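Subject: Structure handover

Hello,

The structure we talked about is below, for you to look over. My notes on it follow.

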Amino acid sequence: MSTLAVARLELRRLAVRPLAWALAALTIAWLAWTFILGLGQFLGAQVKLATVADAPGFTDLVAIPLLAELAKLAFLVVPLMTMTQLAGERRGGTLALLASTGLSPRHIVIGKYLAVLVWLGLWLLATVAMPLAVGAESTADWGKLAAATLGTALLLAALAAIGIACSAATSFPAIAAATALIVTLILWTIDRGAQAAGVTGGFLEWLTMATHLQNLLRGLVVTSDLVWFALVIVLSLALAIRRLGADRERQ
């Protein structure tokens, strides 16, 4: 049994889990409604925008706000998706059974992480398909849309890794979800105190998740932003693997 086998097993579980389908249906319906409203406002403002030099277009007024809305939903959806990945297994006694197959903590954590990524990737694809379907007939800024999509994908990957790490740290799924939400909110707003004191820039601004996502949503692909997301993902998964390893040593 390998990492891919764990991922396939977890995907089958997600496919029959009512929560996954309910979250997908509700969020996609909300995003579709958001897209329709944004598109209607954009079409209604065409005459006014035509008189403005360098006016924002379809990408800025419809596509990127849609991805920003998905990012907001992700703060709640991803912790709910990841809370049972390890905490639920530990609470139900099946985590020890999974470990007894000879799988290393690394295989278990990465396999479950990949399964969540596939689900989140389909969620993102369904969202991006909306502006793509309309943008194909308009003058969409494909470069900016690609950067914004990349930023949203990295955000989802980072939130999933944080959720997996929090799920590995407890036997209670609700606590795992709450912890993941708190951690992500801290990362999102960690520089607010410095901004209130009139201090901008520096390490706290670099540490803040919002800084890096907003750059990508504006179409700016900067190496430091990509490195930040990579560090969060690697560190979170490493902590989850370490926790499972510690559990195995105590058994």
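Glutamate 89 is buried, at 5% relative accessibility. This is a predicted model, and what follows should be read with that in mind. Glutamate 89 forms a salt bridge with arginine 13, with 2.2 Å between the closest N and O atoms. Because arginine 13 sits in helix H1 and glutamate 89 in helix H5 (residues 87–92), this pair ties together parts that are 76 residues apart in sequence. The bridge belongs to one network, in which shared partners join Glu10, Arg13, Arg17, Glu89 and Lys112.

One is to arginine 13, at 3.5 Å from N to O. Both of these residues are in helix H1 (residues 3–15), 3 residues apart, or about one turn of the helix. The general rule is that an α-helix has 3.6 residues a turn, so residues three or four places apart point the same way. The other bridge is to arginine 17, at 3.6 Å from N to O.

As for cover, glutamate 10 has a relative accessible area of 2% and is therefore buried, the cut-off being under 20%. Both arginines are partly exposed: arginine 13 at 29% relative accessibility and arginine 17 with a relative accessible area of 22%. The count for the structure is 6 salt bridges.

Next, the nonpolar core. The largest one has 65 residues, and those touching the most other members are Leu86, Ile108, Tyr113, Trp119, Leu120, Trp123 and Leu156. Helix H8 (residues 142–168) gives the most to this core, namely 15 residues. Which residues does tryptophan 119 contact, leaving aside its neighbours within four places in sequence? They are Leu14, Ala20, Leu23, Ala24, Val77 and Met81.

Aromatic pairs number 4 in the structure. In one of them, phenylalanine 75 and tryptophan 188 have ring centres 5.3 Å apart and planes at 80°, so the pair is edge-to-face. Phenylalanine 75 is in helix H4 (residues 58–82) and tryptophan 188 in helix H9 (residues 173–189), so this pair ties together parts that are 113 residues apart in sequence. Phenylalanine 75 is buried, at 10% relative accessibility. Tryptophan 228 and phenylalanine 229 also make an edge-to-face pair, with 5.1 Å centre to centre and 90° between the planes. Both tryptophan 228 and phenylalanine 229 are buried.

Helix H12 (residues 209–217) is mostly covered, with 8 of its 9 residues buried. The buried ones are Met209, Ala210, Thr211, His212, Leu213, Asn215, Leu216 and Leu217.

Last, the surface. Trp30, Trp33, Ile36 and Leu37 make a nonpolar surface patch of about 440 Å². Of these, leucine 37 lies in helix H2 (residues 18–44) and is partly exposed, at 40% relative accessibility.

Regards

How values were computed:
Residues numbered from 1 in each chain as written. Predicted model: local features only at pLDDT ≥ 70, side-chain atom pairs only at ≥ 80, totals over all residues. Heavy atoms only, no water. Core = buried A, V, L, I, M, F, W, Y, C linked by side-chain atoms within 4.5 Å. Buried < 20%, exposed > 50% of the residue type's maximum accessible area, 1.4 Å probe, protein only. Helix = DSSP H or I, 4+ residues; strand = E, 2+ residues; numbered from the N terminus. Contact = heavy atoms within 4.5 Å. Salt bridge = Lys/Arg side-chain N within 4 Å of Asp/Glu carboxyl O. Patch = residues over 30% accessible without salt bridge, like charges linked within 9 Å, V, L, I, M, F, W, Y side chains within 5 Å. Areas by Shrake-Rupley, 256 points an atom, 1.4 Å probe, with all protein chains shown as cover. Phe/Tyr/Trp six-rings, centres within 6.5 Å; stacked < 30°, edge-to-face > 60°.
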